[in-house]
Amino acid sequence: MKLHDLPLEARGVLRFVTAGSVDDGKSTLIGRLLYDSRAILEDQLAAVERASLRRGVGEIDLSLLTDGLEAEREQGITIDVAYRYFATPRRKFIIADAPGHEQYTRNMATGASTADAAVLLVDVRKRLVEQTRRHLLLARLLGVRHAIVFANKMDLVGCSEAIFNAVRDEVKAFAAPLGFATLDILPGSALRGDMVVGRGPELDWFEGPTLLERLETLDSAADRAATGPFRFPVQLVSRPQGDSARSYLGRVESGAVTVGDEVLVLPGGRRSRVQRINVQGVPSATALAGDSVSIALAEDIDIARGDLLVDARSAPHEVRQPEATIVWFDTEPMRPTGRYLVQQAGRRTLGRIKDVVSRRDVHTLEERPAGNAVAMNDIVRATLSLQAPLFVDSYHVVRATGSFILIDEATNRTVAAGMIQ
């Protein structure tokens, strides 16, 4: 079965990140989406109503549903990634509301790194500003496949079809070279709720779907991962008791596995066949990407946490000096030739920054010469030198084996995230 043949009710949880320039209405849009889809508990709604009164807002301020930090509420901006969960009769969603300020690029990267789609806000009065362009570029760089641009505040321009068409053409011209799998541009008003869940009578000239209708139809990483190569990072080893065989616990990150399949164990390189599969404790003939499982093999092989079971016919690449795109999170700059712990799935090894190959321009994300030290929010391409090999796929093929984090050995802080292209 192809992904587009899946019924809506069978599609996986959709993770999407919202972004855009400051004051374009990101938090209001998400608040409206939650409010109109009846995904807000009564006590949450009451708290937001009280907060709105304290701020002197005449009616409920839906942006407060996502702006959870006190500093955000006082300043009226979003400075961290706020996660929210909701569901409709057709699908479940996880929302990451990312910051708009340029200095919070690392937060945008955090929200986009696990997202299936990006919903980007454009104030139709300002058109496509620099930071929104940057967020489109960053979303694609981080492997986001679907983009929805919500042309917001249409009520402030008389719901003009001509103004929307101008914004639409500008977005299409900019986004065309980025290669999103799908790109949708919708008119609407987050404040009034037009084209978020309901349609709105003044935008009846637009025949496309509402934001929620489009989100319900997009394929998710879980949907796509089921068609990829089998990847199973071992999280825990269950020792045999009595006559039972040793089993290996974790989550299938990509592909599918069936009893009788031949698998390759990395880094050992031994081959075996799957003897038994339990999905959440229940015996099963097959496990798919996203399933939490235990797997027993036909042979007794010495396997430990951090090892990888993979499709014997389609193994990942073994690397000791991977080249990757790195987003630097830490307030302390990257140390030249600095030594860090490299964590990939359940595997961890020591590594050094061997060479910073290039730096992404802060405005266009085009690659430039490396230049000075790497600081917070910088995006660079670098080569690492690892003490022990990692087994990797391209980030765009399997995110779990194509990504890693860098941990400062002295402070145990996560200082960066990396993606292998």
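The dialogue below reads selected features of a predicted model.

Me: Where is Ser 189 placed among the secondary-structure elements?

Reply: Its place is in the loop between strand E6 (182-187) and helix H7 (211-217).

Me: Is Ser 189 buried or exposed?

Reply: Burial is judged from relative accessible area, and a residue under 20% counts as buried. Ser 189 has a value of 1%, so it is buried.

Me: Which residues is Ser 189 in contact with, leaving aside its neighbours within four places in sequence?

Reply: Phe 150, Asn 152, Lys 153, Asp 155, Asp 194 and Val 196 are in contact with it. With Asp 155 there is also a polar contact of 3.0 Å between the two side chains.

Me: What does Phe 86 touch, not counting residues up to four places away in sequence?

Reply: Among the residues touched by Phe 86 are Phe 16, Leu 33, Leu 34, Ile 95 and Leu 212, together with Arg 91 and Lys 92.

Me: How does one test the length of helix H5 (residues 130-141)?

Reply: The expected span is 1.5 Å times one less than the number of residues. For the twelve residues of H5 this gives 16 Å, and the end C-alpha atoms are 16 Å apart, which agrees.

Me: How many of the twelve residues of H5 are buried?

Reply: Nine are buried, so H5 is largely enclosed by the rest of the structure. The buried residues include Arg 134 and His 135 as well as Leu 136, Leu 137 and Leu 138. After H5 comes Gly 143, with a positive phi near 90°.

Me: Which strands pair with E23 (residues 403-408), and in which sense?

Reply: In a regular strand, side chains alternate between the two faces of the sheet. Strand E18 (residues 339-344) is antiparallel to E23 and joined to it by four bridges, with Tyr 340 partnered by Asp 408. Strand E24 (residues 414-419) also pairs with E23 in the antiparallel sense, over five bridges, and Phe 404 has Gly 418 as its bridge partner.

Me: How many residues lie between E23 and E24 in their hairpin?

Reply: Five residues lie between them, and Asn 412 in the turn has a positive phi of about 65°.

Conventions:
Residues numbered from 1 in each chain as written. Predicted model: local features only at pLDDT ≥ 70, side-chain atom pairs only at ≥ 80, totals over all residues. Heavy atoms only, no water. Helix = DSSP H or I, 4+ residues; strand = E, 2+ residues; numbered from the N terminus. Buried < 20%, exposed > 50% of the residue type's maximum accessible area, 1.4 Å probe, protein only. Polar contact = N/O pair within 3.5 Å; in protein donor to acceptor, adjacent residues only side chain to side chain. Contact = heavy atoms within 4.5 Å. Pairing = 2+ DSSP bridges.
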